[in-house]
Amino acid sequence: MDFCAVNWGYVKDIIVALISAGIPSFVAWKIYKRWKVQKGSEVIACEAKNIFYDVCEHRKHLDYLLNYEISNKQALTSFNHIDDLIIKINDQISFLCENITDTKHKNSLETYQRSISKLHDHINKIMDGYDDNNLVNSIVEIRESLEKNLDKPDSYFKNYKHSLAKVKLVLSEISLYNF
């Protein structure tokens, strides 16, 4: 029986060491997993809030173009700013769509993205053909087409107004962690 002799004092110390290291490690791992999910949600919510502000600024610039008499230089600056905003919003919406799982929210974001892309293409098509001599005509053409078509459901900018309202609601929900 000499070969089966076990010093139970050592075994007890090893078991206590394993338990005292294992339980805190397990708890730390669980906390880390929960924190990682929460941090991801926070990043998505913050991005949605930033997109919301950009969408509102985009609409503000469109309203400015349509409702105020502005100089050619101001119009050109505004078109460039709208162009930059559309590119930025499209990139942000693409990021958001990749990171949310709710298909309803994703569809609303993609619908808005398509409508502002059509708007972007339309403005660029007109502005690509302008030079200093016909800048006034280009600005007038863009303003007239926006006034006629922007909020009409059967227009070239199909469902812009509806998708704007919907995307603002969706972005508000996402920024409040409701996704």
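**Figure 1. Overall fold of the predicted model.** Of the 179 residues of the protein, 33% count as buried, where buried means under 20% relative accessible area, exposed over 50% and partly exposed in between (1.4 Å probe, protein chains only). This is a predicted model, in which local features need pLDDT of at least 70 and side-chain atom pairs count only at pLDDT 80 or more, while totals for chains, interfaces and linings use all residues. Residues are numbered from 1 along each chain as its sequence is written, and side-chain values use heavy atoms, with hydrogens and water left out. The secondary structure comprises five helices and zero strands, giving the pattern α-α-α-α-α along the sequence. Helices (H or I, at least four residues) and strands (E, at least two) are DSSP runs, numbered from the N terminus.

**Figure 2. Packing of helix H1 against helix H2.** The axes of H1 (residues 8-67) and H2 (residues 72-99) come within 9 Å and cross at roughly 155 degrees. Axes are lines fitted to C-alpha atoms, for helices over the stretch in contact, and angles run from 0 to 180 degrees between N-to-C directions. H1 is therefore roughly antiparallel to H2 (angles under 35 degrees count as roughly parallel, over 145 as roughly antiparallel, 65 to 115 as roughly perpendicular and the rest as oblique). The contact of H1 with H2 contains 16 nonpolar, eight polar and four charged residues; Ala, Val, Leu, Ile, Met, Phe, Trp, Tyr, Cys and Pro count as nonpolar, Asp, Glu, Lys and Arg as charged, and the others, Gly among them, as polar.

**Figure 3. Packing of helix H2 against helix H3.** The axes of H2 and H3 come within 10 Å and cross at roughly 150 degrees. By this angle, H2 is roughly antiparallel to H3.

**Figure 4. The N-terminal end of H3 and His105.** Asp102 caps the N-terminal end of H3, with a side-chain oxygen 3.0 Å from the backbone nitrogen of Lys104. His105 lies in H3 (residues 103-128) and counts as buried because its relative accessibility is 5%. The side chain of His105 makes a polar contact with the side chain of Glu173 (3.2 Å). A polar contact is a pair of N or O atoms within 3.5 Å; within protein, one must be able to donate a hydrogen and the other to accept it, and residues adjacent in sequence count only if both atoms are side-chain atoms.

**Figure 5. Ile126 in helix H3.** Ile126 is placed in H3 and, at 8% relative accessibility, counts as buried. The C-alpha atoms of Ile126 and Ser138 are separated by 6.3 Å, although these residues are twelve residues apart along the chain.
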